[in-house]
Amino acid sequence: PGNNSQRCFTFDWPVEIRNLYGKRLGNEFDGILLGPQYEGYIFKIVGGNDRIGFCMRQGILTAGRVKLLAKPGIKSLKLKKCKYQRIRRTARGCIVGKDLSSISLEIVKHGIHPIQGVTDTSHPKTLGPKRASKIRKMFSLSKEDDVKKFVVRKKTQSGKEKAPKIQRLVTSTRIQRKKTIQKKKEQKLNDCLSYTSDAADDTPCVDVGGRRNIKTK
C-alpha cells in the first residue's frame, strides 16, 4: 500500500494456500481465499520462491523448475557474456504450486478489517528521487520552479540534514560549458576545412600526407 509497510505472515501451506494453486505472476485474487480476516481485500501476486531458493520467473508457463537454453542478456540468469554462446540454466515457472516456500503479495484494494503491521502503520520514505525530471514529476513542478528546494533530505546521527546530488540538472554553468564545447567543435571543423579547401590553391602551401598545410607569415 501507500504507507510503504511490509510484513511476513506464516500460513498452513497445504490447507490455506491450495486455493492459489494454478494462479500466475501478476494475477489478482480475492483475499477471502486466504481467510475470513482478509475479506474485501484484493491481492496481486508479485513474486515467490521455492524451497531451494529459485524465484518465480514471468513467461515460463509451468509450476516447477525447468532448464532453459538461455543466451546472454536475459535477466536473473547468470550467463557469461559470450555473443554466440548459449548455456543451460535452471529457472522456476510463474505458476503457483506446492513446491513454493514463500509468495510475495501486494495489496491492490483495502478490505474491511485492518491488517496489523501493514495497513495500520506508516513508514515515510527516507530516500527520494535524484533525477531532476523525476523530482518535478513527483511534486508536480514546472520548469520555472527550483528543484533544489524539493529534494528529499535525510537526517544524520549528528542532527544535520543530508541532501543527494541532483542528476541532470540544467544550470547556467552547464549551459556555458556546452556552449564552449560546441564553439571548440566548430572552430576545429573550420580549421580542417580551411586546410583542405580549394581556396588554398591560391596561397603558398605544402602537401603533407594528402593534406594542405597553409603557410602563415
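This is a predicted model: local features need pLDDT of at least 70, side-chain atom pairs count only at pLDDT 80 or more; totals for chains, interfaces and linings use all residues.
The structure holds two of them. In one, the side chain of Asp-50 pairs with that of Arg-65, with an N to O distance of 3.0 Å. This pair joins distant parts of the chain, as Asp-50 belongs to strand β2 and Arg-65 to strand β3, 15 residues apart. The two partners can also be described by their accessibility. Asp-50 is buried, because its relative accessibility is 2%, and that value falls under the 20% limit. Arg-65, in contrast, has a relative accessibility of 42% and is therefore classed as partly exposed.

The other bridge connects Asp-99 with Arg-92, and here the closest N and O atoms are 2.8 Å apart. In this pair, both Asp-99 and Arg-92 are buried.

A search of the whole structure returns zero disulfides. Cys-8 has a relative accessible area of 70%, so it counts as exposed. Cys-55 reaches 40% relative accessibility and is therefore partly exposed.

Attention now turns to Ser-5, a residue found in the segment before α1, the helix that spans 13–16. Is Ser-5 buried or exposed? With a relative accessibility of 10%, Ser-5 counts as buried, because the limit for that class is under 20%. A polar atom of the Ser-5 side chain lies 2.4 Å from the backbone oxygen of Val-118.

Where does Ile-52 sit? This residue is placed in the loop between β2, residues 42–50, and β3, residues 65–70. Ile-52 is exposed because its relative accessible area is 59%, a value in the class over 50%. Its C-alpha atom is separated by 9.0 Å from that of Leu-100, although Ile-52 and Leu-100 are 48 residues apart along the chain.

Taken side by side, Ser-5 is buried, whereas Ile-52 is exposed.

Key: Residues are numbered from 1 along each chain as its sequence is written. Side-chain values use heavy atoms; hydrogens and water are left out. Helices (H or I, at least four residues) and strands (E, at least two) are DSSP runs, numbered from the N terminus. Buried means under 20% relative accessible area, exposed over 50%, partly exposed in between (1.4 Å probe, protein chains only). A polar contact is a pair of N or O atoms within 3.5 Å; within protein, one must be able to donate a hydrogen and the other to accept it, and residues adjacent in sequence count only if both atoms are side-chain atoms. A salt bridge is a side-chain nitrogen of Lys or Arg within 4 Å of a carboxyl oxygen of Asp or Glu. A disulfide is a pair of cysteine sulfur atoms within 2.5 Å.
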